[in-house]
Structures are given as structure tokens and as C-alpha cells.
Amino acid sequence: MSNPSELTRDHIRRCLLSRGEEQERLFAQARETRQRHTGSRVLIRGVLEISNDCGKDCGYCAMRRSNGGFSRYTMSVEQIMAIARCVADAGITWFFLQAAQHPDVDSLIEEVIPRVKREYGMNVLLCLGERSQAQYARFAELGADSYIIKFETSDPQLYQTIGCGSHKARIEAGTHVKAAGMKLGSGNIVGIPGQTLDSLIQDVELGIRLAPDYISSAPFIPNEGTPFGAAPMGDIETTLNIMALWRIALGSPLIPAVSALQRLHPEGQFRGLQAGANVITVNFTPSAFRERYCIYNKDRFIVSVDHAVSIIRRAGLEPILNQ
């Protein structure tokens, strides 16, 4: 592929199926594109999973509303601020607050955002699910810099079938994030039960069309206690190929090598960097809460600062840390 204009559906299909030498050529172009647009520096951000109380019923997630036997938690403002200090002390400049989709956390977030900005000067990234246009504007007004609202799949029927609700509302949420003045994060899941290759091709196209500031692709991980708990894992090679395609087509967005890649392969996140990623997220959630934030499953890989720095440098890149 010599330029993004070659991203026809047939070309995307070939790239998604590429393996071996063909895949390595795809990754090499992704790395060249990353170097040209964003250089060799890799962002390290610190995530805190503040609540697992959810109002949605997505079929792949153990935190789903209908999981009645699930132990719920929501951290307090002071608990969150204590972790914010740990993130800042580690030299990390991005504080990533993530929660299952439930409006009860909004008051906590509204108190935390200005304190994080004032006390530590960190960028604040939120991932809290769908909110009203007014609430996104409120987060932005208080100082939130960015918001992740992944489209998960480009197939509205599949999105509804797996219990996630209205796909139209999901896409509109991204529009509201941008209108509020925050940077937008988006992305998909590879291997959702019922997903097809054609659907993944459309995922690539939708990601390009949305032109988000951050975009991620994550492999599906079957989760205990869900309708899809016995489904196969998503394919890591296809996931990496989508990451590379988005890098080549979009140029400058932040693309994370997500922890699920490491769950599937001992070199998963390193290969993510080889496929054009330029973000690693370190988990700062205390273990007592982390065990109940079942975004993947109990065996998920927990990323440390040392692990992040090690694989970034092994990839010939430089971590962004204030140290």
C-alpha cells in the first residue's frame, strides 16, 4: 500500500487477512507512518477503574446490569485523588478515569476533574459510557480533555443483538463529545460472536470516517458469567492488522497497544507497537477493586510502569514520562 487512497474494501480485506511477510510489510508501513506523524515517543497513561456499577447489559461483559450476583463498588473522591497522586508521582501526565456506564459516578467525576487539574496538572481522559450532550459539555467545562466512546462494531444489528442498545445513540455520543470540545476516542472489538469479515471491513471504514483523536482495536476476550463466556477469543493478528490500517489511513491519532493483546500473546503489546501503536496504559486500580472490574476476565494482564517502559524501549521507542 503506497497511500491511504488505496484503502478500497478489497484492499482492506486483503490486509485483514495478511500474515507472514505480507503482514510485516503492513506493519513496516504503519511504523513509518507513525514516525512521520508522531515521532518515536510513546505516551504512557495511568488508568483508574473507579466503578463497576453498570446500567447496560452488554452480552460480553461480566459487569452487565443483569449479573445480579456480581459484587459492585464505586470509589470515593478521596480514594480517587490518592491514586491521582500515585500516577503523578510515577511521572505520568495522563490520568484515565474509567467506569462502567452508570450516571451515579458523574458527581464524583465533576469533583475530581478540577482537583486533578489544579493539584497535579495532568490531562484528564474519561471513559464512562453514554451521557447527555449537556453532561459532556459539563465535563469539558470542568477541564476534561478527552473522552473515549468506542463504537465496538459498525454493525447496528450486531450491536443490538449483543445487548448494547442503540448503535445510533452510540455514534451520536461521539458527535456530542467533539461538540463539547473534548478530544474523541473510539474503536472496535475483534471477534464479537456473530461478527463477520465484512463487518470488520466496515469497522475499519467507520474508524476512518469518524477521524477520532484516539482509536483502538481490542480482541474479544470471553468473560465468565456472560452469555458469551464459552465463545472463542478474538484473533490477535486481525486486531493488529486493523491497528496498522488505522495508523496508515489516519496518520496522527493515539493508538494504544491494549492489555488484551498481552492476555492473548506474551509479546502482544510489543507487537502492537510494531503495528503502529503509540500508547501504553498502566493500571493503577487497587487490587481489591481491580479484581471486580471484569472488563475482560479474572485472568487479564495488569500492565505496570516497568513493563510499559521495557517494551517501549525494546521497540526502539521512547516513553513519555516526567522523570
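D235 caps the N-terminal end of helix α9, with one of its side-chain oxygens 3.3 Å from the backbone nitrogen of E237. The model you are looking at is a predicted one.

**Helix α9**
- Helix α9 covers residues 236-250, which makes 15 residues.
- From first C-alpha to last, α9 reaches 21 Å, close to the 21 Å expected at 1.5 Å a residue.
- Because 14 of its 15 residues are buried, α9 is largely enclosed by the rest of the structure.
- Just after the helix comes G251, which takes a positive phi of about 80°.

**Strands β5 and β6 with helix α8**
- Together, β5, α8 and β6 make a right-handed β-α-β unit.
- The strands β5 and β6 run parallel and are joined by six bridges.
- To find your way across this pairing, look for N188, which stands opposite S217 in β6.
- Strand β6 spans residues 214-219 and is mostly covered, with six of its six residues buried.
- Y214, S216 and A218 point one way from β6, while I215, S217 and P219 point the other way; all of them are buried.

- Q195 has a relative accessible area of 17%, which is under the 20% cut-off, so Q195 counts as buried.
- The side chain of Q195 reaches the backbone oxygen of I189 at 3.0 Å.
- Beyond its neighbours within four places in sequence, Q195 is in contact with L158, I189, V190, L200 and D203.

**Aromatic rings**
- Searching the whole structure turns up four aromatic pairs.
- One of the pairs is Y136 with Y147, an edge-to-face arrangement at 4.9 Å centre to centre with 80° between the planes.
- This pair links distant parts of the chain, since Y136 sits in helix α5 (residues 133-142) and Y147 in strand β4 (residues 146-148), 11 residues apart.
- The rings of F139 and Y147 have planes at 20° and centres 6.3 Å apart, so this pair is stacked.
- Ring pairs link Y136, F139 and Y147 into a cluster.
- Y136 is buried at a relative accessible area of 0%, Y147 is buried at 0%, and F139 counts as buried at 0% too.

Terms used. Residues are numbered from 1 along each chain as its sequence is written. This is a predicted model: local features need pLDDT of at least 70, side-chain atom pairs count only at pLDDT 80 or more; totals for chains, interfaces and linings use all residues. Side-chain values use heavy atoms; hydrogens and water are left out. Buried means under 20% relative accessible area, exposed over 50%, partly exposed in between (1.4 Å probe, protein chains only). A polar contact is a pair of N or O atoms within 3.5 Å; within protein, one must be able to donate a hydrogen and the other to accept it, and residues adjacent in sequence count only if both atoms are side-chain atoms. Contact means heavy atoms within 4.5 Å. Helices (H or I, at least four residues) and strands (E, at least two) are DSSP runs, numbered from the N terminus. Two strands pair if DSSP finds at least two bridges between them. A crossover is right-handed if, with the strands pointing away from the viewer, the path from the first strand over the helix to the second runs clockwise. The expected span of a helix is 1.5 Å times one less than its number of residues. Rings of Phe, Tyr and Trp (its six-membered ring) pair if their centres lie within 6.5 Å; planes under 30 degrees apart count as stacked, over 60 as edge-to-face and the rest as tilted.
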